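Subject: Structure handover

Hello,

Here is the structure for you to look through. My notes on it follow below.

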Amino acid sequence: MNKDNRGNPNIKNFGYKTDREEPLNKMLAVKVTETMFNKVKSLPNSAEFMRQAIQEALDKLEKQ
């Protein structure tokens, strides 16, 4: 196969779509205690919980 003909030429038709205002396309890593890690991970939707907590803290900072 020729190098220039690899892949799907219509890949944009099959890409990930989101209903959010902004796509979730960045990762953020933080160090936490084992206790905090276990509590957060035990939540049913831990990723959304963390996003909301960060947004609330940022909103609070903006109001200061």
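A salt bridge here is a side-chain nitrogen of Lys or Arg within 4 Å of a carboxyl oxygen of Asp or Glu. By that rule, the side chains of Glu48 and Arg51 meet in a salt bridge, at 3.1 Å from N to O. Bear in mind that the model is predicted.

**Salt bridges**

How many salt bridges does a search of the whole structure find? The search finds two. Side chains of opposite charge can pair when their charged atoms come close.

Start with the pair inside helix 2. Glu48 sits in this helix, which covers residues 46–63. Glu48 and Arg51 are three residues apart in helix 2, so about one helical turn separates them. Their side chains also make a polar contact, at 3.1 Å. Arg51 is partly exposed, because its relative accessibility is 32%.

The other bridge joins Arg20 to Glu48, with the closest N and O atoms 2.8 Å apart. What does this pair tie together? Arg20 lies in the segment before helix 1 (34–41) and Glu48 lies in helix 2, so the bridge ties together parts that are 28 residues apart in sequence. Arg20 has a relative accessibility of 35%, so this residue counts as partly exposed.

Is Glu48 buried or exposed? The cut-off for buried is under 20% relative accessible area. Glu48 has 19% relative accessibility, so it counts as buried.

Take the Glu48–Arg51 bridge again, at 3.1 Å from N to O. Through salt bridges that share partners, Arg20, Glu48 and Arg51 join into one network.

**The largest pocket**

Next, the empty space. Rolling a probe the size of a water molecule over the atoms shows where empty space is left.

The largest pocket has a volume of about 1200 Å³. Its lining is made up of 25 residues. Which of them are closest to the centre of the pocket? They are Leu28, Ala47, Met50, Arg51 and Ile54.

Where does the largest share of the lining come from? Helix 2 supplies that share, with ten residues. Helix 1 and helix 2 each give at least two residues to the lining.

By residue type, the lining of the largest pocket divides as follows:

- nonpolar: 15
- polar: three
- charged: seven

Asn5 is in the segment before helix 1. Its relative accessible area is 54%, so Asn5 is exposed. The cut-off for exposed is over 50%. Asn5 and Leu24 are 19 residues apart along the chain, and their C-alpha atoms are separated by 30 Å.

Glu62 belongs to helix 2. At 68% relative accessibility, Glu62 counts as exposed.

**To take away**

Helix 2 holds Glu48 and supplies ten residues to the lining of the largest pocket. Glu48 is buried, at 19% relative accessibility. Arg20 and Arg51, its salt-bridge partners, are partly exposed.

Best wishes

Technical notes: Residues numbered from 1 in each chain as written. Predicted model: local features only at pLDDT ≥ 70, side-chain atom pairs only at ≥ 80, totals over all residues. Heavy atoms only, no water. Helix = DSSP H or I, 4+ residues; strand = E, 2+ residues; numbered from the N terminus. Buried < 20%, exposed > 50% of the residue type's maximum accessible area, 1.4 Å probe, protein only. Polar contact = N/O pair within 3.5 Å; in protein donor to acceptor, adjacent residues only side chain to side chain. 1 Å grid on protein atoms, 1.4 Å probe; cavity = no way out; pocket = protein on both sides within 12 Å on 5 of 7 lines; lining within 4 Å. Points joined across faces, edges and corners; volume = space filled by probe spheres on them. Nonpolar A, V, L, I, M, F, W, Y, C, P; charged D, E, K, R; others polar.
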